[in-house]
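Subject: Structure handover

Hi there,

Here is the structure I promised to pass on to you. Please have a look at it first, and then read on for my notes.

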Amino acid sequence: MGNAMGYATSLLETLAFLFVFLLGLALAAACVMFVIDRMQTHDAIRRNYPVIGRFRKIFTELGEFFRQYFFAMDREEMPFNRAQRNWVSHSTGGKGNTVAFGSTRNLNVPGTPIFMNAVFPPLDDQFGKTAPMVIGAGAREPYAAPSIFNISGMSYGAISKPAVQSLAHGAKEAGVWLNTGEGGLSPFHLEGGCDIVYQIGTAKYGVRDENGNLSDEKLREVAAHPQVKMFEIKLSQGAKPGKGGILPGEKITPEIAKIRGLKPGEDGISPNRHREVDSFADLLDLVSHIREVTGKPVGFKTVLGSAEPWFEFFELIKARGAESAPDFITVDGGEGGTGAAPMPLIDLVGLPLREALVRMVDLRDIYGLHDRIRIVASGKLVVPGDVAWAICAGADFVTSARGFMFSLGCIQALKCNKNTCPTGITTHDPRLQKGLVVKEKDKRVAGYAKSIVKEVETIAHSVGVAEPRLMRRRHVRIVQDDGRSVSMNEIWPSNPVGDAAE
């Protein structure tokens, strides 16, 4: 009994000593921080309120977390809300995506699309699948693209090795194309066996010579890969029109540096436009040159600031002949995303896709190029309703980057530019990349792509057509400021070919 009491007393004394020691350590640390905060001059709050002023920064950081998980409603967050992210997450497992009780979406929000269901929709045995569509029929090697929904540009560098591998393998399983982004073609893009669209950015990574100019020799090397089906010239992207790509130096590993032709640790800054393209004539010349050298279909990606300049572009095609036209045009909206961009460009520059897409589609059709130029819609299209809207507006294909990031497990931590992505998607930290298991994530990528196509087909059947590309603007209404919905065909009158064709 005495030994037990002695042991208890000794334990209490040890704990008391430990407590006093830790308390003293904490007080000493507080005193040090007090002095540091009083002496520093860059933060007024910490200078006026030493120690406790530090909690402001902590709470600011934690606020982002608490808003996402506890306080924001399902459809309140930006740039993507919880309902959208949850839909993608559920779709990746291929287990169905049904919900109960009723919609949580406010259907009175201006801009909301409402699809007009048919009185007598097709029967189950009258449905059709979306057939492959040929891009670049006049090229030596045309591309019959099998899917309406594909993976938009995300370069190796902006995203990690396991992320690229997962996308490549998932794209192959789902039968969709994978855009390389402007960072060049890596072995990880090829290992999945999927169809690839090679994006040529303004820095021309992967296809430039030692002086940074476009190299025909390297173009042929890239085109020699049978998986590379098309080339996309990147003029601009929605998140940063007028600004080139930005890859922070901490994300430039030796391997990425070799692919891009940079030095390890050197910031990858692309020019704000292609130096040799000063006019639409130069642009058409570049398209024709790359198509001639590679034999593959060639198009470009752009953001519209206004439709007015593009009349000149189509007039020039009319004068030169349809064979001079690009094989496709990717229209990116001002709401597009990126790993790093100045906030004013992200927030304020570039037409939203819902305005830009219909303008480009109508210009193409007015000039009689409906069957010559394919239109690809890109920009915050991650759920079936958004994709179906784009098809109704006249897009032939839809691409998404952030939707596929969500399928990889992205939690919208907004750390893409800091090399600290907690899911391993946009970081080159090996410790963080371990969380992204390719053999698991590739199935989720494929599941997401298949679910989008399946549910867009479901919407098409509901409005009374056999497959998505038969949807027209008359099949969707857009909610206005007063809460009424108006047919999209009234807001944007029928283009001369697209809405009439059945």
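Before the notes on charged pairs, one cut-off: a salt bridge here is a side-chain nitrogen of Lys or Arg within 4 Å of a carboxyl oxygen of Asp or Glu. With that rule, a search of the whole structure finds 18 salt bridges. Please keep in mind throughout that this is a predicted model.

**The chain as a whole**

The chain has 502 residues, and 50% of them count as buried. Its secondary structure consists of 17 helices and 15 strands. Taking contacts between residues at least 6 apart in sequence, 68% join residues that are at least 24 apart. The accessible surface of the chain is about 24,300 Å², with 59% of that belonging to carbon and sulfur atoms.

**Salt bridges**

In one of them, the side chains of Lys296 and Glu141 meet at 4.0 Å, N to O. Lys296 is in the loop between helix H9 (280-294) and strand E10 (298-303), while Glu141 is in the loop between strand E2 (133-135) and strand E3 (143-145), so this pair ties together parts that are 155 residues apart in sequence. Is each partner buried or partly exposed? Lys296 has 2% relative accessibility and counts as buried, whereas Glu141, at 43%, counts as partly exposed.

Another salt bridge joins the side chains of Lys301 and Asp332, at 3.8 Å, N to O. Here the link runs between distant parts of the chain, with Lys301 in strand E10 and Asp332 in strand E11 (residues 328-332), 31 residues apart. Lys301 counts as buried at 6% relative accessibility, and Asp332 is buried with a relative accessible area of 4%.

The side chains of Asp327 and Arg372 also meet in a salt bridge, at 2.8 Å, N to O. Asp327 lies in the loop between helix H10 (308-320) and E11, and Arg372 in the loop between helix H12 (353-366) and strand E12 (374-378), so the pair connects parts that are 45 residues apart in sequence. Asp327 is buried, with a relative accessible area of 0%, and Arg372 counts as buried at 18%. These two residues belong to a network of salt bridges in which Arg291, Asp327 and Arg372 are linked.

**Aromatic pairs**

The count of aromatic pairs comes to 14. Among them, the rings of Phe149 and Tyr448 have centres 5.7 Å apart and planes at 85°, so they make an edge-to-face pair. This pair links distant parts of the chain: Phe149 is in strand E4 (residues 149-151) and Tyr448 is in helix H16 (residues 438-463), 299 residues apart. Both Phe149 and Tyr448 are buried.

The rings of Phe300 and Trp310 have centres 5.9 Å apart, and their planes are at 15°, so this pair is stacked. Phe300 counts as buried at 0% relative accessibility, and so does Trp310 at 7%. Which residues do ring pairs link into a cluster? They are Phe280, Phe300, Trp310, Phe313, Phe314 and Tyr367.

**Strand pairing**

Strand E14 (residues 476-479) pairs with strand E1 (residues 113-115) in the antiparallel sense, over 3 bridges. In this pairing, Phe115 stands opposite Val476 in E14. E14 also pairs with strand E15 (residues 485-487), again antiparallel and over 3 bridges, and there Arg477 stands opposite Ser487 in E15. E14 and E15 form a hairpin with 5 residues between them, and Gly483 in the turn has a positive phi of about 95°.

**A nonpolar surface patch**

Lastly, on the surface there is a nonpolar patch formed by Leu11, Leu12, Leu15, Phe17, Leu18, Phe21, Leu22 and Leu25, with about 830 Å² of accessible area together. Phe17 is placed in helix H1 (residues 2-39) and is exposed, with a relative accessible area of 60%.

Best wishes

Terms used: Residues are numbered from 1 along each chain as its sequence is written. This is a predicted model: local features need pLDDT of at least 70, side-chain atom pairs count only at pLDDT 80 or more; totals for chains, interfaces and linings use all residues. Side-chain values use heavy atoms; hydrogens and water are left out. Helices (H or I, at least four residues) and strands (E, at least two) are DSSP runs, numbered from the N terminus. Buried means under 20% relative accessible area, exposed over 50%, partly exposed in between (1.4 Å probe, protein chains only). Contact means heavy atoms within 4.5 Å. Accessible areas come from the Shrake-Rupley method with a 1.4 Å probe; for residues, only the protein chains shown count as cover. Patches are made of residues with over 30% relative accessible area and no salt bridge: like charges are joined within 9 Å, nonpolar side chains (Val, Leu, Ile, Met, Phe, Trp, Tyr) within 5 Å. Two strands pair if DSSP finds at least two bridges between them. Rings of Phe, Tyr and Trp (its six-membered ring) pair if their centres lie within 6.5 Å; planes under 30 degrees apart count as stacked, over 60 as edge-to-face and the rest as tilted.
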